[in-house]
Amino acid sequence: MQPLVSFGPEIAADLPNTLRREWLVTNGLGGYASATIGGVNTRRYHGLLVAALAPPVERTVLVGGSIDWANYDSHRYPLSTHEYGDGTIDPHGYRQLQSFALDGSLPVWTFAIGDALVERRIWMVRDANTTYVTYRLMRGSQPLDLEISPLVTYRGFHSLSRGGGWQPGIMERGGGIEIQAFDGAVPFRILAGDARYSAINEWYWNFRHRE
């Protein structure tokens, strides 16, 4: 597996360099996951889980993305990147990005944090509205902990929505949580092995979509 894009420190600091290419994985039902290799959603069609609720139509963004941090050797490193309407970039995970490659058709990121290398992969199960995200510590001298905040929503992929006027229902389930955006909405689950859920739920406002 050869990197399609490699980033030195001087290149990784240039955010537009990570936004020129996009990745896409699909499930054969009309659902997909997609974004830029830098992690920023530049289109309203981007999302970590865009499910076809009536296959192959009713494509609905259920998880727009996530805010990921790695705690390693007493330091906290961002592994995700988002852009807001006023031009704010937060966090700056693209600065840790060492390379991006395709393993077959699956996107693979490698992040350098301290003396460690961390790999992230994303794929979907065929014929299921399920996205898998895995992190693997490829090299390191210390244990690594992850903090992952999924950005959940419930909107048609042609439109954008606004938070604040509604609050998704969240229930803890074995291995994760179940989310129902509102009465009558299709519930979905976010599961993570060997993880702990912290009920610190808040809205994130004014994401910018460059395209």
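This is a predicted model: local features need pLDDT of at least 70, side-chain atom pairs count only at pLDDT 80 or more; totals for chains, interfaces and linings use all residues.

User: What is phi for Asn206?

Analyst: Phi of Asn206 is near 60 degrees, which is a positive value in a residue other than glycine. Ser74 also has a positive phi, near 70 degrees, and is not a glycine either. You'll find Ser74 in the loop between β5 and β6 (75–78), and at 80% relative accessibility Ser74 counts as exposed.

User: Nice. Changing topic: how many aromatic pairs are there?

Analyst: The count comes to 8 aromatic pairs. One of them is Tyr45 with Phe157, an edge-to-face pair with 5.1 Å from centre to centre and 80 degrees between the planes.

User: Where in the chain do Tyr45 and Phe157 sit?

Analyst: The two are 112 residues apart, so this pair links distant parts of the chain, as "distant" is used here. Tyr45 is in the loop between β3 (32–36) and β4 (47–54), while Phe157 is in the loop between β13 (144–156) and β14 (169–173). Tyr45 is partly exposed at 34% relative accessible area, and Phe157 counts as buried at 14%.

User: And what about Trp123 and Tyr132?

Analyst: Trp123 and Tyr132 form a stacked pair, 5.4 Å centre to centre with 10 degrees between the planes. Stacked is the label because planes under 30 degrees apart count that way. Trp123 is partly exposed, with a relative accessible area of 26%, and Tyr132 is partly exposed too, at 38%.

User: Which residues form an aromatic cluster?

Analyst: Trp23, Phe100 and Trp109 form one. Trp109 also has Arg120 over its face, at 4.5 Å from the ring centre. Elsewhere, the charged end of Arg76 sits over the ring of Trp69, 4.0 Å from the centre of that ring.

User: You mentioned Trp23. What stands opposite Trp23 in β3?

Analyst: That is Ala35. Strand β2 (residues 22–26) and β3 run antiparallel, joined by 5 bridges. They form a hairpin with 5 residues between them, and Gly28 in the turn has a positive phi of about 80 degrees.

User: How many residues of β3 are buried?

Analyst: 5 of its 5 residues are buried. β3 also pairs with β4 in the antiparallel sense, over 2 bridges, and there Tyr32 has Val50 in β4 as its bridge partner.

User: OK, histidines are my thing. Is His82 buried or exposed, and where is it found?

Analyst: His82 is buried, with a relative accessible area of 5%, and is found in strand β7 (residues 81–83). A polar atom of the His82 side chain lies 2.8 Å from the backbone oxygen of Ser66.

User: Which other residues does His82 touch?

Analyst: Leaving out residues up to four places away in sequence, the contacts of His82 include Val40, Ile67, Asp90, Pro91, Leu151 and Phe207, along with Ser66.

User: What is the peptide bond from Asp90 to Pro91 like?

Analyst: That bond is cis, with omega near -10 degrees. Pro91 lies in strand β8 (residues 89–92). A cis peptide bond also joins Pro55 and Pro56, with omega about 5 degrees, and Pro56 is placed in the loop between β4 and β5 (57–72).

User: Great, thanks! I'll go and look at those spots.

Key
Residues are numbered from 1 along each chain as its sequence is written. Side-chain values use heavy atoms; hydrogens and water are left out. Rings of Phe, Tyr and Trp (its six-membered ring) pair if their centres lie within 6.5 Å; planes under 30 degrees apart count as stacked, over 60 as edge-to-face and the rest as tilted. Helices (H or I, at least four residues) and strands (E, at least two) are DSSP runs, numbered from the N terminus. Buried means under 20% relative accessible area, exposed over 50%, partly exposed in between (1.4 Å probe, protein chains only). A charge sits over a ring if NZ of Lys or CZ of Arg is within 6 Å of the ring centre and within 35 degrees of the ring normal. A polar contact is a pair of N or O atoms within 3.5 Å; within protein, one must be able to donate a hydrogen and the other to accept it, and residues adjacent in sequence count only if both atoms are side-chain atoms. Contact means heavy atoms within 4.5 Å. Two strands pair if DSSP finds at least two bridges between them.
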